[in-house]
Amino acid sequence: MHGLAEQPNAIAKALGLRAWRTPADLLAYQERCLRRLVDHAYRSVPYYRALLDDHGVTPAQIRTLADLGRLPISSKSDLRRRPALDLLAAGLHPDRLRRVQTTGSSGV
């Protein structure tokens, strides 16, 4: 019979999800993903490069989850004011985007 600690990994594997041996493994994975995401956004998306530069933040300063507080916040209105090309990663074209509008309680 499997121990309780092994059951979450067995369930995750059965569902096709990634199983973690330890919380430290999960944390290391999350931090690798964070570093890749921030680096990609900085290198590839003009809006995020300018946002980080304006706040004096470099991708090298974002290494761990504790560094998330260094990242500047963008509002929906900040993003709406920018041209689509500033928000797209290099190599993507705005003419290939689909506009989808939803309704919500705010009416915006």
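Which helix of the chain has the lowest confidence, and which the highest?

## Model and confidence

The structure is a predicted model. Helix H1, residues 7-14, has the lowest confidence in the chain, at a mean of 66, and H3 the highest, at 97. Over residues 1-5 the pLDDT is below 50, and beyond near neighbours in sequence this stretch has one contact in the model. Where pLDDT is low, the predicted coordinates should not be read in detail.

For the chain, the average pLDDT is 85, with 79% of the residues scoring at least 70.

## Helix H3 and its cover

Helix H3 spans residues 46-54, and its buried residues are Tyr47, Leu51 and Leu52. These three cover an arc of only 125° around the axis, so they sit on the same side of H3. An α-helix has 3.6 residues a turn, so residues three or four places apart point the same way. The cover over the buried residues of H3 includes helix H2 (23-44), helix H4 (76-80) and H5. Just after H3, Gly56 takes a positive phi of about 65°.

A search of the whole structure finds one aromatic pair. The pair is formed by Tyr47 and Tyr48, whose ring centres are 5.0 Å apart; the planes stand at 75°, so the arrangement is edge-to-face. Tyr47 is buried, because its relative accessible area is 4%, under the 20% limit. Tyr48, at 32%, is partly exposed.

## Nonpolar core

The largest nonpolar core has five residues: Leu34, Val38, Leu52, Val57 and Ile62. Leu52 is also one of the buried residues of H3. Leaving aside residues up to four places away in sequence, Val38 touches Leu52, Pro59, Ile62 and Leu71.

Ser44 is placed in helix H2. With a relative accessibility of 14%, Ser44 counts as buried. Not counting residues up to four places away in sequence, Ser44 is in contact with Arg49, Leu88, Ala89 and Ala90.

Ala90 belongs to the segment after helix H5 (84-87). This residue is exposed, because its relative accessible area of 63% is over the 50% limit. Ala90 and Ala41 are 49 residues apart along the chain, and their C-alpha atoms are separated by 9.7 Å.

## Salt bridges

How many salt bridges does a search of the whole structure find? The search finds three. One of them joins Asp39 and Arg43, with the closest N and O atoms 2.8 Å apart. Both residues lie in helix H2, four residues apart, which is about one turn of the helix. Asp39 is partly exposed at 32% relative accessibility, whereas Arg43 is exposed at 53%.

Another salt bridge is made by the side chains of Asp78 and Arg81, at 2.6 Å from N to O. Asp78 has a relative accessibility of 21% and so counts as partly exposed; Arg81, with a relative accessible area of 60%, is exposed. The side chains of Arg82 and Asp86 also meet in a salt bridge, at 3.0 Å from N to O. Arg82 is partly exposed, with a relative accessibility of 31%.

Definitions and conventions: Residues numbered from 1 in each chain as written. Predicted model: local features only at pLDDT ≥ 70, side-chain atom pairs only at ≥ 80, totals over all residues. Heavy atoms only, no water. Helix = DSSP H or I, 4+ residues; strand = E, 2+ residues; numbered from the N terminus. Buried < 20%, exposed > 50% of the residue type's maximum accessible area, 1.4 Å probe, protein only. Arc of directions from axis to C-beta. Contact = heavy atoms within 4.5 Å. pLDDT = per-residue confidence, 0-100. Phe/Tyr/Trp six-rings, centres within 6.5 Å; stacked < 30°, edge-to-face > 60°. Core = buried A, V, L, I, M, F, W, Y, C linked by side-chain atoms within 4.5 Å. Salt bridge = Lys/Arg side-chain N within 4 Å of Asp/Glu carboxyl O.
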